[in-house]
Amino acid sequence: MLNYQLIDSEEQVQNLCALVAKQKSDDFIALDTEFDRVKTYFPELALIQLEIKGQCYLADPIRAELGSLIKALCESPAQILLFSCDEDLEVLAHHARLATGEIVLPEHLWDLQLLPLFAGINDKMGLQRAAAKYLEVELLKSETRSDWLMRPLSESQLEYAALDVAYLEALREQELKEFSADDVRLQWFFKAMKQKREQYLKEPIADELYLSVGGAGELSDKALRRLQFICKKRYELGRERNEALNRVITGKALLSLARFTPLTLHGLRDSGMKPGAVRQFGYIVLKWIKESLELGDEPIKPAYDAYAPGRSSKKNGNVFKAFLEERAKNCRIASDLICSKKLINDYFYQKKQGQIPLLEQGWMQECVGECSLAFKE
């Protein structure tokens, strides 16, 4: 049976903080979190899992205050090992702000789901498959959809949680065998992790949330201004009341509200708002729509999908994707790292705006080179 220690008292938390503080820049701390955010805007932390020098620790935020532990983790010079780190970084950044008053994150991060992609493995594996491939270890899957906020946690839940961190250091060692000591692809990975860290150190810009709404590129300027206003109001309400944004207005309904501007509760339902949301937030949303109708004619930035290659020239998009796939092959990295629809759309969008696209920044620029040589714009 896996060896782990449940941390659920103030004394245990402080002892664990002291252990974290002792770790140096060449030490490793494996980290994972369990949380819930189905109904809330902010993630509700349910468990922090750590592995340090072969020992697993499961810190319970419901039974003990973990602010000091989160602060210690964010200040640690150690190498922090994670697997599929995006949600964990979001959780950590939020609770670090609660603990310290500012958004902070550990300096040295490794996402072990991302690392094999830089070795050219075109397969974004989950932890179970990665452990089986690299370590020949079979991990538990039975508690994936557990209610992690309920107490007490079962032995099966605790063991499952501990397994999420128990093998990360060994997994890192095996994944690194895919690289040579001076491999430029490894340097690209470190730069990508730095960019990811910086991403979660920033708050969303409320006035720019509309940009990523699917289909927004089809709206008129007036409808786009309304969408911007409604998205901002939804975000502000979600944060203020800690409500999941899709429980207020779903992403699909946002587009209909901005386009058709219903002014009755029945109209909100016809536009795609869920009945429960109409009952709870209907009159608030109607107020937003009425206010959005009074907006002026100030210039507004187009939505991200306004210049998607499929909208204007599918041929350009296909030519560009083929160019990127060839560059990925030549650089011996997974094509997903530079050939995603999001990155391709960003390229066309930023070029139209006279801005520098992601593909021409940082490690991607080193890999891809001069993108404009791929086709005639």
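This is a predicted model: local features need pLDDT of at least 70, side-chain atom pairs count only at pLDDT 80 or more; totals for chains, interfaces and linings use all residues.
Q: Where does Arg-332 lie?
A: Arg-332 is worth a look for its backbone: phi is positive, about 60°, although the residue is not a glycine. As for its place in the chain, Arg-332 lies in the loop between α15 (314–331) and α16.

Q: Which residue does a cis peptide bond join to Arg-151?
A: Look in the loop between α5 (127–135) and α6 (155–166), where Pro-152 is found. The peptide bond there has an omega of about 0°, which is the cis form, and the partner of Arg-151 is Pro-152.

Q: How many disulfides does the count come to?
A: A pair of cysteine sulfur atoms has to be within 2.5 Å to count. The sulfur of Cys-17 has its closest cysteine sulfur in Cys-74, 11 Å away, so that pair is too far apart for a bond. For Cys-339 the closest cysteine sulfur is in Cys-367 at 8.8 Å, also too far for a bond. By this rule the count of disulfides is 0.

Q: Is Cys-339 buried or exposed?
A: Buried means under 20% relative accessible area. Cys-339 has a relative accessibility of 8%, so Cys-339 counts as buried.

Q: With which residue does the side chain of Glu-360 make a polar contact of 3.2 Å?
A: Start with the setting: Glu-360 is found in the loop between α16 (341–352) and α17 (362–368). Its relative accessible area is 18%, so Glu-360 is buried. The polar contact of 3.2 Å joins its side chain to that of Lys-351.

Q: How many residues does the largest nonpolar core have?
A: Nonpolar side chains tend to be buried together in soluble globular proteins. Here, the residues with the most contacts inside the largest core are Leu-50, Leu-69, Ile-338, Leu-359 and Trp-363. Leaving aside neighbours within four places in sequence, Leu-359 is in contact with residues including Phe-320, Leu-324, Ile-338 and Val-368. The size of this largest nonpolar core is 92 residues.

Q: How many residues are in the second, separate core?
A: This core includes Tyr-210, Leu-219, Ile-230 and Ile-300.

How values were computed: Residues are numbered from 1 along each chain as its sequence is written. Side-chain values use heavy atoms; hydrogens and water are left out. Helices (H or I, at least four residues) and strands (E, at least two) are DSSP runs, numbered from the N terminus. Buried means under 20% relative accessible area, exposed over 50%, partly exposed in between (1.4 Å probe, protein chains only). A polar contact is a pair of N or O atoms within 3.5 Å; within protein, one must be able to donate a hydrogen and the other to accept it, and residues adjacent in sequence count only if both atoms are side-chain atoms. A nonpolar core is a set of buried Ala, Val, Leu, Ile, Met, Phe, Trp, Tyr and Cys residues joined through side-chain atoms within 4.5 Å. Contact means heavy atoms within 4.5 Å.
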